[in-house]
Amino acid sequence: ESATKIYSLNNGNFIKYIKNSNHNKINYLLPWNNKKNNKYYIIQLAEEKIIINNFIEDDYELYSELINKPYDEPDVCHLSGFIYNIDNNDYLCTSSTNGYINIWDLYNKIIFKVINTKTNANIHKCHLFHVIQWNINYIIVAELENSCFKIINLENEDIKDINDIREDDMGFICIKKIYHPEYGESLLTASCSNKIKLWSIY
């Protein structure tokens, strides 16, 4: 809560704060090049909202504050996200602590799609952490409470929970896609029990 800071990678010097960013607890940052106005923005994922600011120009132009009601509850946090492009339109996909995947249309500044990842078995607790795009059709998100990661089909919103039945992990918090020299496209998961695991498709 001490504001988002910009540093130089050339010499490590502090450059400036993002104006008013100390008013919100920021969990995740994403850069975005808006090709329609040729401006660069920083997307700040915070509690209850997503804040998009111009961080190059001195006026710190507020592009948008994205809030999705009624899905954004008072204690919800947006913890991770990525940007993808379809038909020359940019979309922001974010995970949240209330079990919803929110997909935003960045140019029109509106919610595009909401995916409820809570199943009947965990309807009251579904804490989504890191989310990645696997390919054009699928996203994968780490889920803390039920020690699993979820594979989600963006087209039909089909959800498959992958549980690690070999060991009792304390919850997945991070996932990364890698290309393994032997297994090809693979997934790395990190959990609260300090374990990193490699998953492959057979």
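**Exercise 1. Find which residues line the second largest pocket, and sort them by type.**

Solution. Start with the list: Lys 19, Asn 20, Ser 21, His 23, Asn 24, Gln 44, Ile 51, Asn 53, Tyr 60, Leu 62 and Glu 65 line the second largest pocket. A pocket here is an open set of points on a 1 Å grid over the protein atoms alone, where a 1.4 Å probe fits, with protein on both sides within 12 Å along at least five of seven lines; lining residues have an atom within 4 Å of a point. This is a predicted model, with local features needing pLDDT of at least 70, side-chain atom pairs counting only at pLDDT 80 or more, and totals for chains, interfaces and linings using all residues. Residues are numbered from 1 along each chain as its sequence is written, and side-chain values use heavy atoms, with hydrogens and water left out.

Next, sort them: you get 3 nonpolar, 6 polar and 2 charged. (Ala, Val, Leu, Ile, Met, Phe, Trp, Tyr, Cys and Pro count as nonpolar, Asp, Glu, Lys and Arg as charged, and the others, Gly among them, as polar.)

**Exercise 2. Work out how E13 is placed and what it pairs with.**

Solution. Strands are DSSP runs of E, at least two residues, numbered from the N terminus.

Then look at its partners. E12 runs antiparallel to E13, joined by 6 bridges; strands pair if DSSP finds at least two bridges between them. Val 141 sits opposite Lys 150 in E13. With E14 (residues 159-163), E13 pairs in the antiparallel sense over 5 bridges, and Ile 152 faces Ile 159 in E14.

Methods. Buried means under 20% relative accessible area, exposed over 50%, partly exposed in between (1.4 Å probe, protein chains only). Helices (H or I, at least four residues) and strands (E, at least two) are DSSP runs, numbered from the N terminus.
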